[in-house]
Amino acid sequence: MEPLPPPETRIRQVTALFEGLADTYDTSDVAFSGPVGAELVRRLAPQAGERAVDLGCARGAVTFPLAEAVGAEGHVDALDLAPSMVELTAGEAQQRGASQVEVVLGDAVEPPLEESSYDVLASSLLLFFLPEPDVALTAWRRLVRPGGRAGFTTFGTWPPAWRAVLDVFDDHAHRTGRRSMTQAPEVDEDQEVTDFLTGAGWSDVEHATLTHDLVFDDLDHWRRWSLTTWLTDVWMRSPVEEHPEILERIGEVLEGTRGDDGRLHLQLVVRYTLARP
C-alpha cells in the first residue's frame with residue numbers, strides 16, 4: 001500500500017471527490033445525513049438571534065436546521081471546500097428564503113472566518129476525515145465566543161454488518177495499492193475524542209451515541225445510495241472489473257440484515273459530542 005500523501009495533497013484529493021459528488025450528495029431517499037444533522041442541532045439547542053457556523057456543510061444537513069433555530073434575526077455561516085457544494089447549498093438557501101445563511105468556500109482546517117464571532121459551532125461527520133484534526137480543532141476553538149458551545153458527530157464502532165462490508169472492499173483494495181482519499185474511521189472510545197478536544201483547548205466535553213437504522217429496498221438500492229456518499233471513494237479503490245464480485249459479496253452480508261418488513265437494515269453508530277471553548 002502506498003504511503004499517505006502529505007496533508008495538502010489529501011485536501012486536494014478530497015476536494016475533487018466531493019466536488020464530483022456534489023450534484024447527488026445527500027439527495028438520496030435513504031434517511032441518514034438529515035436525521036444526524038437534525039439531532040446534532042437539537043443537542044446544541046441554538047437560540048433565536050444567535051450566530052452559528054457549520055463547518056463542512058456539504059448540502060446543508062446541519063445548515064438548514066441551524067438556520068431554522070436561530071431564525072431571521074440570527075445568522076449561519078456554512079463552509080465547504082468543494083465549490084459545487086457551496087454553489088448548490090447557496091442556491092438551496094435562496095430557494096428556501098433563508099437569507100440568514102451565507103455559504104462560504106474554504107478549508108475547514110484553516111477556516112477563513114472571523115475569530116470569536118460565533119455562539120454555536122457545528123461540524124457533522126467531518127472531524128476524522130481531516131488530515132490534521134488536531135490543527136482544525138485548535139482553529140475551530142478560536143471561532144467560538146466565550147460562553148459559546150460546539151457540537152461534533154463522528155462514527156462510533158462499526159456494527160458487524162458495516163465492518164463486514166468494509167472488509168469486502170479492503171480485500172479488493174490491496175490489488176490496486178491505492179489508499180482511500182477519505183479516512184471515515186471508527187473511533188471506538190469516547191476518551192479518544194475527548195483527548196483530541198482537550199488537547200486543542202476545549203472543555204466540558206460530553207458524549208452520547210445513537211444507532212441510526214439505514215433502510216434499503218434491496219442490494220441495488222444500497223449500491224445506488226453508496227455512490228452518493230463517501231463510499232464512492234471506497235469503490236474507487238478497487239478494480240472496476242471486480243465490482244460485480246464485490247457487490248455479490250456485499251449482497252451476502254446485507255442479506256443477514258433483512259428485517260421482518262423484507263427490507264435491508266444497515267445500522268450505523270454515530271457519536272454526538274458537545275464541548276465548550
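This is a predicted model: local features need pLDDT of at least 70, side-chain atom pairs count only at pLDDT 80 or more; totals for chains, interfaces and linings use all residues.
Me: How many salt bridges does a search of the whole structure find?
Reply: Side chains of opposite charge can pair when their charged atoms come close. One such case is the network that links E39, R42 and R43. Over the whole structure, the number of salt bridges found is 15.

Me: How many residues apart in sequence are the parts that R237 and D170 tie together?
Reply: R237 and D170 form a salt bridge, with 3.5 Å between the closest N and O atoms. R237 lies in the loop between α9 (231–236) and α10 (243–255), whereas D170 belongs to helix α6 (residues 160–173), so the parts tied together are separated in sequence by 67 residues.

Me: Which helix holds R249, the salt-bridge partner of D171?
Reply: The side chains of D171 and R249 meet at 2.8 Å, N to O. This pair links distant parts of the chain, 78 residues apart, with D171 in helix α6 and R249 in helix α10. D171 is partly exposed at 34%, and R249 is partly exposed at 29%. The helix that holds R249 is α10.

Me: What is the distance between the closest N and O atoms of D220 and R223?
Reply: Both residues lie in helix α8 (residues 219–226), 3 residues apart, which is about one turn of the helix. D220 is partly exposed at 36%, as is R223 at 25%. Their salt bridge has its closest N and O atoms at 2.9 Å.

Me: Which strands stand at the edges of the open sheet?
Reply: The sheet has 7 strands in the order β3-β2-β1-β4-β5-β7-β6, with mixed pairing. An edge strand here has a single partner, so one side of it is left without a neighbour in the sheet. The strands in question are β3 (101–105) and β6 (203–216).

Me: How many bridges join β6 to β7?
Reply: Strand β7 spans residues 264–276 and runs antiparallel to β6. Within this pairing, L210 stands opposite V270 in β7. The number of bridges joining the two strands is 12.

Me: What angle does the direction of α8 make with that of β6?
Reply: Helix α4 (residues 83–96) packs on the sheet, touching β2 (75–80) and β3, and its direction makes about 170° with that of β3. Helix α8 also packs on the sheet, touching β6 and β7. The angle between the directions of α8 and β6 is about 135°.

How values were computed
Residues are numbered from 1 along each chain as its sequence is written. Side-chain values use heavy atoms; hydrogens and water are left out. A salt bridge is a side-chain nitrogen of Lys or Arg within 4 Å of a carboxyl oxygen of Asp or Glu. Helices (H or I, at least four residues) and strands (E, at least two) are DSSP runs, numbered from the N terminus. Buried means under 20% relative accessible area, exposed over 50%, partly exposed in between (1.4 Å probe, protein chains only). Two strands pair if DSSP finds at least two bridges between them. Contact means heavy atoms within 4.5 Å. Axes are lines fitted to C-alpha atoms, for helices over the stretch in contact, and angles run from 0 to 180 degrees between N-to-C directions.
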